[in-house]
Amino acid sequence: MTTAFDPIELGGKRLANRMAMAPMTRSRAYGPGASATELMAAYYAQRASAGLVITEGVQPSVVGQGYPDTPGLHSAEQVAAWRQVTDAVHREGGVIFAQLMHTGRIGHPSLLPDGLIPVGPSAVAAKGQVYTHQGPQDFVTPKELEHDEIMRTIADFADAARNAIAAGFDGVELHGANGYLIHQFLAPNANQRTDAWGGDVAGRVRFAVEVTAAVAEAIGAHRTGIRISPGTPFNDIAETDPADLEQTYTALVAGLAPLDLAYLHVLEGPDQSLTGRLRKDWPGTFVLNPFTHPEPTGHDSLGLIENGAADMLAFGALFLANPDLPRRLASGGPYNEPDRATFYGGDERGYTDYPALPA
């Protein structure tokens, strides 16, 4: 019987176990030009016992930034700064992928230079607010991307993926979840286009497939993964028609499957039946961040590997509070409780980490 503690081959790497550290925004890129710092290197190195470490969202371009102090991978300065992170994780025997996250319409002009404004598939503002250094600000109406701008954005993702490899990452994960740009193209309330990049299901999945194909061509499919979150309403995404939801994501998986990617990472919503369908349709490694709300994913989810529901499990909040989480899961605890006050990096320029179990 396969367990979460067994090794697995992924992207040409032999992972020590089947537990991934899920990507979590930390807003700690205080280095010059939104670059990584020694603090970030220490944070990820502490968690290198995960079979796979997936970083916080990293913007592939200047306009892709939607939160304060998030890191990029679009400049030589940023590439050099990330080296300290990847080197630190590799010294601890870990494997680390960078998550490429273009936030699209989620953001605010005050976070962007040179008069830029957020962009999206359609000129439709998201409901809600985003945190800025000036406090919470309402989302603005994004600039609708024209065809040539879409192609430039796809190229930006591919360039950022090349930069990730140059920075020492073992691969990249494309953020197609949680209401950011790739997800916005998938969702009918955010994508109201009538051209080839919207309209029917085929049009709405096109951007996700073409971005993924471009990145796979740039760095190799074995170094490329993608994360999706079907039906999750985060950042004002409305995928409320069950039939359209299933058609959209089965079409997306069908479009991605021939690329032979490193993995598909599903952030599960309340509709767990769709997860089972996607698991059946996906021919490669299936990473699952299971729906366990309101509790964080923990020990009770380990059976999902044993029963074949997933090949790997992604753990989020519990990894923040327990840097040595695989060891604690193996021993059944004890577990530190996540500090919700610092969950999104809201601990200014320091950080609170938690003691490891005694050796």
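Arg83 and Asp87 form a salt bridge, with 3.5 Å between the closest N and O atoms. The model in which this pair is seen is a predicted one. The two residues are four apart in helix H2 (residues 76–91), so about one helical turn separates them. An α-helix has 3.6 residues a turn, so residues three or four places apart point the same way. Side chains of opposite charge can pair when their charged atoms come close.

Arg83 is partly exposed, at 37% relative accessibility. Asp87 is also partly exposed, with a value of 31%. Each figure falls between the limits of 20% for buried and 50% for exposed, and therefore both residues take the middle class.

Over the whole structure, a search finds 15 salt bridges.

Arg277 forms a salt bridge with Glu246, and the closest N and O atoms are 2.7 Å apart. Arg277 lies in helix H7 (residues 272–281) and Glu246 in helix H6, so this pair ties together parts that are 31 residues apart in sequence. Arg277 is partly exposed, with a relative accessible area of 34%. Glu246 is partly exposed too, at 35% relative accessibility.

## Packing of helices H5 and H6

Helix H6 (residues 242–256) also packs with helix H5 (residues 201–219). The angle between them is about 35°, and their axes are 9 Å apart. The crossing of H5 and H6 is right-handed.

On the H5 side, the contact is made by Val201, Arg204, Val205, Ala208, Val209 and Thr212. On the H6 side, the residues are Asp244, Gln247, Thr248, Ala251, Leu252, Gly255 and Leu256. By class, the contact of H5 with H6 consists of seven nonpolar, four polar and two charged residues.

## Buried residues of helix H1

Which residues of helix H1 (residues 38–46) are buried? They are Leu39, Met40, Ala41, Tyr43, Tyr44 and Ala45. These buried residues pack against strand E3 (19–21), strand E4 (52–58), H2, strand E5 (96–100) and helix H9 (317–321).

## Backbone features in loops

A cis peptide bond joins His293 and Pro294, with omega about 10°. Pro294 lies in the loop between strand E13 (286–289) and helix H8 (303–306). A cis peptide bond is also found between Gly333 and Pro334, where omega is about 0°. Pro334 is placed in the segment after helix H10 (325–331).

Asn178 has a positive phi of about 60°, although it is not a glycine. Asn178 is in the loop between strand E10 (171–176) and H4, and counts as buried at 15% relative accessibility. Asn235 likewise has a positive phi, near 60°, and is a residue other than glycine. The position of Asn235 is in the loop between strand E11 (224–228) and H6. At 12% relative accessibility, Asn235 counts as buried.

The loop between helix H4 (181–186) and H5 contains Asp195. Asp195 is partly exposed, at 35% relative accessibility. Asp195 and Val95 are 100 residues apart along the chain, and their C-alpha atoms are separated by 40 Å.

## Annotated domain

An unreviewed UniProt entry places the feature "domain: NADH:flavin oxidoreductase/NADH oxidase N-terminal" at residues 5–333. Over residues 5–333, the chain in the model is 34% helix and 17% strand. The end C-alpha atoms of that stretch are 15 Å apart.

Technical notes:
Residues numbered from 1 in each chain as written. Predicted model: local features only at pLDDT ≥ 70, side-chain atom pairs only at ≥ 80, totals over all residues. Heavy atoms only, no water. Axes fitted to C-alpha atoms, helices over the stretch in contact; angles between N-to-C directions. Left-handed = near helix turned anticlockwise from the far one by under 90°. Contact = heavy atoms within 4.5 Å. Nonpolar A, V, L, I, M, F, W, Y, C, P; charged D, E, K, R; others polar. UniProt positions renumbered as here; feature names shortened; annotations may be inferred. Salt bridge = Lys/Arg side-chain N within 4 Å of Asp/Glu carboxyl O. Buried < 20%, exposed > 50% of the residue type's maximum accessible area, 1.4 Å probe, protein only.
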